[in-house]
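User: I would like to learn how to read a protein model feature by feature. Where do we begin?

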Amino acid sequence: MIENPNADASKYSFLSLGDSYTIGERVSETDRWSVQLAGLLRKDGLDIASPDIIARTGWTTSELQDAIKASGNQKTYSLVSLLIGVNNQYRGQSQDTYRTEFRELLQTATKFAGGKTAHVFVLSIPDWGYSPYAAGQSKARIAQEIDQFNTIARDECEKAAITFVDITPLTRSASGDETQFASDGLHYSGKQMKLWAEKALPTAKESLQK
């Protein structure tokens with residue numbers, strides 16, 4: 001877990017849960033989407049700390065849940081984000097299993113938010129099929145599977161009264177623009193992740209003001 005040592009000095013706290021897209025594989029710490037979101041919130045006058053992060057490249061839903069338990073983190077946060085599922089899709093894991101484990105992660109995220117679902121939000125799974133890395137693979141198949149996983153996530157968010165922020169179209173629009181991808185051609189650059197932060201900003205602001 002990556003902790004922000006200055007978090008206690010801020011009015012609002014932030015926990016960001018996920019995988020490579022949250023930890024910001026191949027980009028600087030300041031380029032991570034949740035770090036950029038905290039910066040945008042501060043620009044809008046909200047005194048929020050940079051996020052604590054529990055995320056690692058390659059994690060599935062079950063691996064994220066295991067890592068959360070292993071972290072021993074008992075804090076309560078003003079804002080909690082969740083972005084998870086691409087590795088479930090990439091490894092060909094069951095969508096039914098994803099639904100069950102994603103639902104459990106929503107419950108975990110809500111617990112971190114002091115039981116307040118209004119202070120939790122989810123970002124949709126980016127479509128890596130539009131990345132340079134995926135050249136030669138079936139873009140249509142990957143897109144269909146990503147859409148299926150995102151439909152599950154959206155459905156579970158609706159059931160739990162948690163806001164679902166759809167960033168998948170932004171990741172598809174990055175196709176052909178190398179500046180929106182990290183050096184490995186698979187993960188995203190700070191430029192693309194800034195778009196995610198901007199998309200999530202209204203939801204985050206509304207959550208903090210409730």
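Analyst: Begin with the elements: helices (H or I, at least four residues) and strands (E, at least two) are DSSP runs, numbered from the N terminus. Here the chain runs β-α-α-β-α-β-α-α-β-α-β-α-α from the N terminus on. That comes to eight helices and five strands. This is a predicted model: local features need pLDDT of at least 70, side-chain atom pairs count only at pLDDT 80 or more, and totals for chains, interfaces and linings use all residues. Residues are numbered from 1 along each chain as its sequence is written, and side-chain values use heavy atoms, with hydrogens and water left out.

User: How does the radius of gyration compare with that of a compact globule?

Analyst: The radius is taken over C-alpha atoms, and the globule rule is 2.2 Å times the number of residues to the power 0.38. For 210 residues the rule gives a value near 17 Å; the chain has 16 Å, which agrees. Along its principal axes the C-alpha trace spans about 50 × 35 × 30 Å.

User: How do I read burial, and what share of the residues counts as buried?

Analyst: Buried means under 20% relative accessible area, exposed over 50%, and partly exposed in between (1.4 Å probe, protein chains only). Of the 210 residues, 53% count as buried.

User: And contacts: what share joins residues at least 24 apart?

Analyst: A contact means heavy atoms within 4.5 Å. Take the contacts between residues at least 6 apart in sequence: 77% of them join residues at least 24 apart.

User: What covers the buried residues of H8?

Analyst: The cover includes H1, helix H2 (33-43), strand S3 (79-83), strand S4 (120-123), strand S5 (163-165) and H7. Among the buried residues of H8 are Met193, Trp196, Ala200 and Leu208.

User: Where is the kink in H8?

Analyst: The bend at a residue is the angle between axes fitted to the seven residues ending there and the seven starting there. In H8 a kink of about 40 degrees lies at Leu201, shortly before the proline Pro202.

User: How many aromatic pairs are there?

Analyst: Rings of Phe, Tyr and Trp (its six-membered ring) pair if their centres lie within 6.5 Å; planes under 30 degrees apart count as stacked, over 60 as edge-to-face and the rest as tilted. By this rule the count is 10. Tyr21 and Tyr188 form a tilted pair, 5.7 Å centre to centre with 50 degrees between the planes. This pair links distant parts of the chain, 167 residues apart: Tyr21 is in helix H1 (residues 20-23), Tyr188 in the loop between helix H7 (168-173) and helix H8 (190-208). Both tyrosines are buried.

User: Why is the pair of Tyr98 and Phe149 edge-to-face?

Analyst: The planes of Tyr98 and Phe149 stand at 65 degrees, with ring centres 5.0 Å apart, so the pair is edge-to-face. Tyr98 lies in helix H5 (residues 95-112) and Phe149 in helix H6 (residues 139-160), so the pair ties together parts 51 residues apart in sequence. Tyr98 is buried, at a relative accessible area of 0%. Phe149 is buried too, at 3%.

User: Which ring does the charged end of Lys139 sit over?

Analyst: A charge sits over a ring if NZ of Lys or CZ of Arg is within 6 Å of the ring centre and within 35 degrees of the ring normal. The charged end of Lys139 sits over the ring of Tyr130, 4.7 Å from its centre.
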